[in-house]
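Student: Could you walk me through a few spots in this structure with me?

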Amino acid sequence: MRWRPLEIAFWLATLLPFVLAPNYLSLASQIAITALFALSLDLILGYAGIVSLGHAAFFGVGAYTAGLIAKHYFAEPLTGLLAAALLAAMVGYATSHIIVRFRHLALIMLTLGLGLLLHEAANSASALTGGADGLQGFRVPSVLGFRFDLYGTTAYAYALAVLFVCFLVARRIIHSPFGLALRGIRENATRMPAIGAPSRAHLRKVYTIAAVIAGIAGAVLTHTTSTVSLEVLSFGRSADVLVILILGGAGRLYGGIVGAIIYMVARDQFSGINPQYWYFWIGLLLVAVVMLLPNGILGGFAKFFPRRS
């Protein structure tokens with residue numbers, strides 16, 4: 001549980017964009033939100049072994065909850081953040097009873113199906129969600145008295161603060177006996193009950209926690225952009241966060257954060273160079289990482305620098 005100097009240096013480095021790249025703070029806020037979303041997926045994939053292709057469902061639930069509260073009730077973001085976390089927890093806990101009954105290919109198809117069902121439900125309920133046009137007509141002016149500006153200063157500070165708080169929670173979970181039990185379940189879910197760790201109960205808990213963090217990430221996106229579209233529930237978002245986790249390294253806590261930084265910066269640069277074929281370069285990057293560093297970038301770092309990792 002002790003903080004290492006490299007960890008402290010990493011989090012201090014996240015403050016550098018305020019000074020060194022003030023024109024890219026909007027991009028930095030998107031990176032922080034994506035890193036938070038990847039952190040939620042890492043809890044269930046990297047530590048519990050639950051492969052999900054529909055994790056964007058909880059991201060979208062949080063985004064739409066925060067948007068509907070801001071549009072119809074009040075635009076104070078922290079209340080919307082809590083409401084988004086609560087509703088995402090309810091959806092996550094309800095679906096976890098189905099998820100924990102399946103493994104491997106059936107689990108992949110099941111999570112994909114649940115994500116697509118929720119996407120189509122949001123598209124059909126156009127009177128509530130705006131359908132294909134998205135949820136519009138609201139604005140979140142400030143958070144704790146700090147107004148959201150065009151430069152993204154407040155947006156990045158807000159997203160970074162929420163990311164750090166959720167990271168502390170995830171870090172505490174991973175380094176607890178519960179986190180150790182999750183790793184045991186990932187390796188052999190059948191034998192873990194023999195030593196007093198109920199596999200399904202533990203999986204339901206971590207799945208709900210991951211849903212909460214994903215919902216919070218969606219709410220932060222809504223607050224910083226003042227818009228919600230069906231894209232927050234799309235399969236593409238679920239696939240992107242899975243790619244991010246593969247790039248950074250699943251099951252390493254910082255893997256999702258490092259992967260989000262690399263993926264988002266690469267996407268920004270490649271799309272600027274070639275707006276039509278930038279996915280080709282992302283695919284090439286992914287292939288290179290998988291071939292050279294099969295355990296992700298942090299996995300490769302741990303291989304070459306075992307003592308520092």
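This is a predicted model: local features need pLDDT of at least 70, side-chain atom pairs count only at pLDDT 80 or more; totals for chains, interfaces and linings use all residues.

Student: At what angle do α9 and α10 cross?
Tutor: The axes of α9 (residues 177-187) and α10 (residues 199-225) come within 10 Å and cross at roughly 115 degrees, so α9 is roughly perpendicular to α10 (65 to 115 degrees counts as such).

Student: And which residues make that contact?
Tutor: From α9 there are Phe 178, Ala 181, Leu 182 and Ile 185, and from α10 Ser 199, His 202, Leu 203, Lys 205 and Val 206, where contact means heavy atoms within 4.5 Å.

Student: New topic: is Glu 7 buried or exposed?
Tutor: Glu 7, which sits in helix α1 (residues 5-13), is buried at a relative accessible area of 12% (buried means under 20%, with a 1.4 Å probe and protein chains only).

Student: What is Glu 7 in contact with?
Tutor: Leaving aside neighbours within four places in sequence, Glu 7 is in contact with Arg 2, Phe 167, Arg 171 and Tyr 254.

Student: Where does the side chain of Thr 65 reach?
Tutor: Thr 65 belongs to helix α4 (residues 56-72), and its side chain reaches the backbone oxygen of Val 61 at 2.6 Å.

Key:
Residues are numbered from 1 along each chain as its sequence is written. Side-chain values use heavy atoms; hydrogens and water are left out. Axes are lines fitted to C-alpha atoms, for helices over the stretch in contact, and angles run from 0 to 180 degrees between N-to-C directions. Helices (H or I, at least four residues) and strands (E, at least two) are DSSP runs, numbered from the N terminus. Angles under 35 degrees count as roughly parallel, over 145 as roughly antiparallel, 65 to 115 as roughly perpendicular and the rest as oblique. Buried means under 20% relative accessible area, exposed over 50%, partly exposed in between (1.4 Å probe, protein chains only). A polar contact is a pair of N or O atoms within 3.5 Å; within protein, one must be able to donate a hydrogen and the other to accept it, and residues adjacent in sequence count only if both atoms are side-chain atoms.
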